[in-house]
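Hi,

Here is the structure I promised to pass on.

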Amino acid sequence: MTEQEPAPGEVVRLATTVNGRPYEEVVDSRLTLADFLRGRLRLTGTHLGCEHGVCGACTVLLDGAAVRSCLMLAVQAEGHAVETVESLAPDGELNPLQEAFSARHAVQCGFCTSGFLMSATEALRAGPVRTEEEARDVLSGNICRCTGYAGMVRALLDVSGVDGE
Ligand code: FES
Ligand code: FES
């Protein structure tokens, strides 16, 4: 451990931005980013499945990059900008990606959905998804246990303006 890193269990100050809003909080150095978002900020759209980096349900964006919030400590968000699924529909209006998920029946229980949406958001900001193979690659870091992936693939192609079926 370096001198700058807080000791385990130490209470530390955290200044971060979540969904465009600045926060200054005092947190336990062991608190995960997922638990900070869900428990402290009540942003419960970020879900916890495996809690060890496998399922992707906890995916959020950190400075625009998709990360597993179950594997990150809240203090690692110091000075960074976090985006959660709530940021996609700030006024309760679904964004085009969410609309496409709905139209393509890409949601069943919905437990995995916020993670898929954030992974897809990162990819779509870099440019459209042009092929089914590309769409499957974008979705490959997340796991859905009930609805399957075909609707999600079509949703990504829809928002990319690719004529699916
Ligand atoms: S809960 Fe984080 S990857 Fe599964
Ligand atoms: S919709 Fe149920 S786990 Fe994906």
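Let's begin with a question: which residues in α1 are buried? They are Leu33, Ala34, Phe36 and Leu37, where buried means under 20% relative accessible area, exposed means over 50%, and partly exposed is in between (1.4 Å probe, protein chains only). As a reminder, an α-helix has 3.6 residues a turn, so residues three or four places apart point the same way.

Some ground rules before the rest. This is a predicted model, in which local features need pLDDT of at least 70 and side-chain atom pairs count only at pLDDT 80 or more, while totals for chains, interfaces and linings use all residues. Residues are numbered from 1 along each chain as its sequence is written, chains are lettered from A and ligands numbered from 1 in the order in which they are written, and side-chain values use heavy atoms, with hydrogens and water left out. Helices (H or I, at least four residues) and strands (E, at least two) are DSSP runs, numbered from the N terminus.

**The sheet**

Five strands make up an open sheet with mixed pairing, in the order β2-β1-β5-β3-β4. Here, two strands pair if DSSP finds at least two bridges between them. At the edges are β2 and β4 (65-68), each with a single partner strand, so one side of each is left without a neighbour in the sheet. On average, neighbouring strands of this sheet are turned by 40 degrees against each other, direction ignored. For angles like this, axes are lines fitted to C-alpha atoms (for helices, over the stretch in contact), and angles run from 0 to 180 degrees between N-to-C directions.

Strand by strand, β1 (residues 11-18) has Val12, Leu14, Thr16 and Val18 on its covered face and Val11, Arg13, Ala15 and Thr17 on its uncovered one. β1 and β2 (residues 21-28) run antiparallel and are joined by eight bridges; Leu14 has Glu25 in β2 as its bridge partner. The hairpin of β1 and β2 has two residues between the strands. Asn19, in the loop between β1 and β2, has a positive phi near 50 degrees, in a residue other than glycine. With 28% relative accessibility, Asn19 counts as partly exposed.

On its other pairing, β1 runs parallel to β5 (residues 81-83), with two bridges joining them. Thr17 stands opposite Ala81 in β5. Ala81 is partly exposed, at a relative accessible area of 32%. Leaving aside neighbours within four places in sequence, Ala81 is in contact (heavy atoms within 4.5 Å) with Thr17, Leu61, Leu62 and Asp63. Ala81 and Leu62 are 19 residues apart in sequence, but 5.7 Å apart in space, C-alpha to C-alpha.

β3 (residues 59-62) and β4 run antiparallel, joined by four bridges, and Leu62 stands opposite Ala65 in β4.

**Helices on the sheet**

α1 (residues 33-40) packs on the sheet, touching β1, β2, β3 and β5, and its direction makes about 110 degrees with that of β2. α3 (residues 113-126) packs on the sheet as well, touching β3, β4 and β5, with its direction at about 35 degrees to that of β3. The buried residues of α1 are the ones from my opening question, and they pack against β1, β2, β3 and β5.

After α1 comes Arg42, with a positive phi near 60 degrees. Glu51, in the loop between α1 and β3, has a positive phi of about 60 degrees although it is not a glycine.

**Helices on helices**

How do α2 and α5 pack? α2 (residues 96-103) and α5 (residues 150-159) pack at an angle of about 135 degrees, with their axes 8 Å apart. They are therefore oblique to each other: angles under 35 degrees count as roughly parallel, over 145 as roughly antiparallel, 65 to 115 as roughly perpendicular and the rest as oblique. In α2, Pro96, Leu97, Ala100 and Phe101 meet Met152, Ala155, Leu156, Asp158 and Val159 in α5.

α4 (residues 132-139) and α5 have axes that come within 9 Å and cross at roughly 115 degrees, which makes α4 roughly perpendicular to α5. Glu132, Ala135, Arg136, Val138 and Leu139 of α4 make this contact with Met152, Val153, Leu156 and Leu157 of α5.

Cheers
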